[in-house]
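Colleague: I would like to learn how to read the features of a model like this one. Please put it on the screen and take me through it.

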Amino acid sequence: MANDTPPRWDRRMQQRLARGEAAALGELYDRFASLVHSLAHRVLDDDQAADQVTREVFGYIWENPDAYDPRQGNLRSWVARLTQRQAVHRLRQTEATAYAETGVGSAEELEAKVRRASVAARADYIVTSMPAPLRKALELAYFQRRDYRQTAADLSISHEEARRRLRLGLQLLSTAHARPLDGPPGGYGRAL
C-alpha cells in the first residue's frame with residue numbers, strides 16, 4: 001500500500017492540478033494508480049475494465065481538481081471513493097447489458113452481485129483509508145497470521161496497544177456491510 005499522504009501534500013497537489021500542471025497528474029498517478037487499479041479490479045474482476053476505470057478516475061481528477069475538498073478527508077480516501085463509485089457504476093452497466101442481451105439471470109441477481117462487489121470495494125476502501133498503524137496491525141494479523149502478542153512484538157508496541165489497534169481495525173471493517181458506496185458520499189455532491 002502507498003504511504004499515507006500528509007494533508008499539506010494533499011492541498012498542494014490539488015492546487016497544482018487546478019493550475020493544470022501535468023507533472024502533478026503524473027505524480028498523483030504514480031502514487032495512487034496501483035490503489036485505483038486494484039480497487040477497480042476487486043469490483044470488476046476484469047483487467048481491461050479496471051484499466052478503463054483507472055483512466056476514467058484520473059481523467060475526472062484532472063478535469064475536476066476542485067471536486068476534492070481537503071476538509072472532508074485525505075486525497076487517498078477521495079481517490080479510493082471515486083474509484084469504487086465508478087467501478088460499481090461500470091459493473092452495473094456491464095451486467096445490465098449482458099442481462100438484456102442474453103436474458104440469463106434476473107434483476108435480483110444483478111443487484112446481489114453489485115451489492116457483493118460494493119461490500120468488497122468498501123472493505124478495500126476502509127483498509128486503504130485507515131491510518132497506517134491500524135492497517136499494519138491488521139496486515140500482520142491477517143496476512144501473516146500473527147496474534148496480538150506477535151503483532152505487538154513486530155510493531156514494537158505494548159500488548160494493550162496491539163489489541164486496541166486490531167479491535168479498532170476490525171470495528172472499522174465491520175462497517176463494510178453498513179452502507180453501500182454507490183451513492184454520493186457525504187460532502188461530495190458530484191458523481192463521477
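Modeller: Start with one pair. Glu56 forms a salt bridge with Arg90, and their closest N and O atoms are 2.3 Å apart. A salt bridge here is a side-chain nitrogen of Lys or Arg within 4 Å of a carboxyl oxygen of Asp or Glu.

Colleague: Which helices hold Glu56 and Arg90?

Modeller: Glu56 lies in helix α3 and Arg90 in helix α4 (residues 75–102), so the pair ties together parts 34 residues apart in sequence. Helices (H or I, at least four residues) and strands (E, at least two) are DSSP runs, numbered from the N terminus.

Colleague: What should I know about the model itself?

Modeller: It is a predicted model: local features need pLDDT of at least 70, side-chain atom pairs count only at pLDDT 80 or more, and totals for chains, interfaces and linings use all residues. Residues are numbered from 1 along each chain as its sequence is written, and side-chain values use heavy atoms, with hydrogens and water left out.

Colleague: Is Arg90 buried or exposed?

Modeller: Buried means under 20% relative accessible area, exposed over 50%, and partly exposed in between (1.4 Å probe, protein chains only). Arg90 counts as buried because its relative accessibility is 16%.

Colleague: How many salt bridges does the whole structure have?

Modeller: A search finds eleven. One of them joins Glu27 to Arg16, with the closest N and O atoms 2.8 Å apart. This pair links distant parts of the chain: Glu27 sits in helix α2 and Arg16 in helix α1 (residues 7–18), eleven residues apart. Glu27 is partly exposed, with a relative accessible area of 31%.

Colleague: Now charge on the surface. Which residues gather in a patch of negative charge?

Modeller: Patches are made of residues with over 30% relative accessible area and no salt bridge; like charges are joined within 9 Å, and nonpolar side chains (Val, Leu, Ile, Met, Phe, Trp, Tyr) within 5 Å. Here the negative patch gathers Asp45, Asp46, Asp47 and Asp51. Asp45 lies in the loop between α2 (22–44) and α3 (47–63). Asp45 counts as exposed because its relative accessibility is 63%.

Colleague: What is the phi of Asp45?

Modeller: Positive, about 55°, although Asp45 is not a glycine. Ser156 has a positive phi too, of about 60°, and is not a glycine either. Ser156 lies in the loop between α7 (148–155) and α8. At 67% relative accessibility, Ser156 counts as exposed.

Colleague: Step back to the fold. How many helices and strands does the protein chain have?

Modeller: Eight helices and zero strands. Of its 192 residues, 40% count as buried. For contacts (heavy atoms within 4.5 Å), take those between residues at least 6 apart in sequence: 68% join residues at least 24 apart.

Note on methods:
Areas by Shrake-Rupley, 256 points an atom, 1.4 Å probe, with all protein chains shown as cover. Lys, Arg positive; Asp, Glu negative; His and termini not counted. Charge placed at Lys NZ, Arg CZ, Asp CG, Glu CD.
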